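Student: Could we go through the ligand site of this model together, one question at a time?

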Amino acid sequence: MTVALLPASFDPITCGHVDIILRAARLFDRLIVAVHASPKKSLLFSVEERVAMVRESLADLESVEVVSYEGLTVHLAARLGATVLVRGLRAVSDFESEFQQAALNRRMLPGLEVVCMFASVEYSAVSSSLIKEIAQGGGDVTDLVPTPVAARLRERLESRIASVSGR
Ligand code: ADP
């Protein structure tokens, strides 16, 4: 039985992530989606909110498990008995960092295989950071994120505007 781990920050989960998750779920016996609690980047959502959005977005996919974690992905993989790490590749710009991470992860956990899947064309330009930028600027992202995420983005940004304007 092959257990695969799909780690990311998911701040927030996008349709690009969901696409990769659906496709990976067909390839492995067990797929665990892992939400990195404290990645080295500024976050819009807490880990609890990010996990909740991933769960809500994957509600129809009973075979996929969702966990959160701190620390190194390889330590989580070893703990869960995962032998495959799944990553998405959007453009050449993703390649270098994925290549570096894969080499170091395999050095830390020999036997680990890193499987990179190409993003679907319709989502190849979608990233969590651009989604946040567009939403914060008042743009429409409803086609690019799962419905529960669109609602939470609206809520979060409305409450920010309210707190800035003292409403
Ligand atoms: P991280 O901070 O770990 O890079 P992300 O959530 O931005 O977190 O991305 C995690 C993984 O998901 C990466 O492998 C990335 O390439 C992949 N990914 C992100 N957006 C997309 C997308 N639109 N299509 C396919 N893969 C994606």
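**The ligand and its surroundings**

Tutor: Of the 15 residues around the ligand, those that come nearest are Ser 9, His 17, Lys 41, Gly 88 and Tyr 123, where a residue is near if one of its heavy atoms lies within 4 Å of the molecule. This is a predicted model, in which local features need pLDDT of at least 70 and side-chain atom pairs count only at pLDDT 80 or more, while totals for chains, interfaces and linings use all residues. Residues are numbered from 1 along each chain as its sequence is written, and side-chain values use heavy atoms, with hydrogens and water left out.

Student: Which residue has a polar side-chain atom 2.5 Å from an oxygen atom of the ligand?

Tutor: Ser 9 places a polar side-chain atom 2.7 Å from a ligand oxygen atom, and for Arg 87 the corresponding distance is 3.2 Å. The residue with a polar side-chain atom at 2.5 Å from an oxygen atom of the ligand is Lys 41.

Student: Which element gives the largest share of the shell around the ligand?

Tutor: The elements that give two or more residues to this shell are α1 (15-25), β4 (84-89) and α4 (92-108), with helices (H or I, at least four residues) and strands (E, at least two) taken as DSSP runs numbered from the N terminus. The largest share, three residues, comes from α1.

Student: Which element gives the most to the lining of the largest pocket?

Tutor: Elements that give two or more residues to that lining are β1 (3-8), α1, β4, α4 and α5 (128-136). With eight residues, the element that gives the most is α4.

Conventions
A polar contact is a pair of N or O atoms within 3.5 Å; within protein, one must be able to donate a hydrogen and the other to accept it, and residues adjacent in sequence count only if both atoms are side-chain atoms.
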